[in-house]
Amino acid sequence: MGWMTWNFFADNIHEKDIREMADAMVASGMVEAGYNYIFIDDGWQGGRDNRNNIIADPEKFPSGIKALADYVHSKGIKLGIYSDAAQLTCAGYTASLGFEEQDAKTFASWDIDYLKYDYCHAPKDSATAVERYTKMSQALRKSGRDIVFGICEWGQRKPWHWAAEAGGQLWRTTYDVRDKWKNLSGQENAEGILDILDINAELHAYAGPGRWNDADMLVVGLYGKPGPSGDLGGTGMTDTEYQSQMSLWSIMASPLIATNDIRHMNEATKRILLNKEVIAVNQDPLGKQAERKVHDGTWDVLVKPLQNGDVAVAILNRGDAAKNYSINWPKLGLSGRYEVRDLWEHKTMGKGKGWKGRVQAHETKLFRLRKI
Ligand code: GLA
């Protein structure tokens, strides 16, 4: 869990903003709720020095990355950084191909905790991807520091089959999330929440502790801000839709990576991002990704077993009108009687063998079931 620079700042990042974000993550309760990484995305690089060491842009990071790492560490936050398995990154900055060991050592010397490794400007085939990702993960392992490795090739070469072996702890499963409910254009690489859900939900069997399907950042609270997630029809969503993203990403055990302006969050955004009962579903130590048990056009129902024997259930109304729904737990493979807690209402909703009620358009109910 954490906060990433990309969808709010794009590549216009500055150490001052990141320090402010770190302060705001503490002050707003984000860190306490579990968002304990700051991920610097693309745009930090300033080329290489005369010994080919990668350097930060001195205008954006006048104090250097190590000083920033010290600062965020002092706040109880870890620091992630970004590179790419080619000569240039997606936004056209210096990347790591051919300098894997040297860059890994540099990142370690800066006390970096995480590397997001992108795949722009690299060949399309899988064999090269496996080779380049393996090379960087080995370099990180040799760097002398424990650095989490996030693979980002957008699901195009089915990384769920090879990324764990190549040394990744998580891998993106789709193209970049846009701040929209669904892709109406049919254009590739213009994913909304439903598009990502439909890809990621099918991959539940591949996830587990230390190997996660990454459904990309939470766009909660961006409200159509111009920038990367505002592209390609990303004109923003309602709070109901943002709440759905949080529910669905949580039950799918995807990393929860906010990318909104933590310094200025409205009450709705705080309520969504800081819901501890929802976060507990996401972070449950059993580490299961929910299985989608119902997918019938209007309704999706996802089920995630939890470590203490409870079960999380998400009910999504994909339709454009509010509708009533009723479900019997045996239909989801759950026998017996359950007490149902609504994790958005923070209330016990009843006991028995099922649930019925009204679900707003694009709303996701998130329940925690306890056997009685
Ligand atoms: C790709 C990634 C994004 C972001 C940008 C940065 O598009 O998928 O998440 O890192 O590159 O340029």
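**Exercise 1.** In this predicted model, determine how far an oxygen atom of the ligand is from an N or O atom in the side chain of aspartate 118.

*Solution.* The separation between the ligand oxygen and the side-chain N or O atom of aspartate 118 is 2.9 Å. A polar contact requires a pair of N or O atoms within 3.5 Å. For lysine 116, a polar side-chain atom lies 2.7 Å from an oxygen atom of the ligand. In the case of tryptophan 154, the corresponding value is 3.0 Å, again to a ligand oxygen. Taken alone, the ligand exposes 310 Å², of which the protein buries 92%.

**Exercise 2.** Describe the shell around the ligand by class, and state which pocket holds the ligand.

*Solution.* The ligand is surrounded by 13 residues, and the closest are Asp41, Asp42, Lys116, Asp118 and Asp176. Sorted by class, the shell comprises 7 nonpolar and 6 charged residues, with no polar ones. The ligand sits in the second largest pocket.

**Exercise 3.** Characterise the span of residues 296-369.

*Solution.* An unreviewed UniProt entry annotates residues 296-369 as "domain: Alpha galactosidase C-terminal".

Note on methods:
Residues numbered from 1 in each chain as written. Predicted model: local features only at pLDDT ≥ 70, side-chain atom pairs only at ≥ 80, totals over all residues. Heavy atoms only, no water. UniProt positions renumbered as here; feature names shortened; annotations may be inferred. Helix = DSSP H or I, 4+ residues; strand = E, 2+ residues; numbered from the N terminus. Near = heavy atom within 4 Å. Polar contact = N/O pair within 3.5 Å; in protein donor to acceptor, adjacent residues only side chain to side chain. Areas by Shrake-Rupley, 256 points an atom, 1.4 Å probe, with all protein chains shown as cover. 1 Å grid on protein atoms, 1.4 Å probe; cavity = no way out; pocket = protein on both sides within 12 Å on 5 of 7 lines; lining within 4 Å. Sits in = over half its atoms within 2 Å of the grid points. Nonpolar A, V, L, I, M, F, W, Y, C, P; charged D, E, K, R; others polar.
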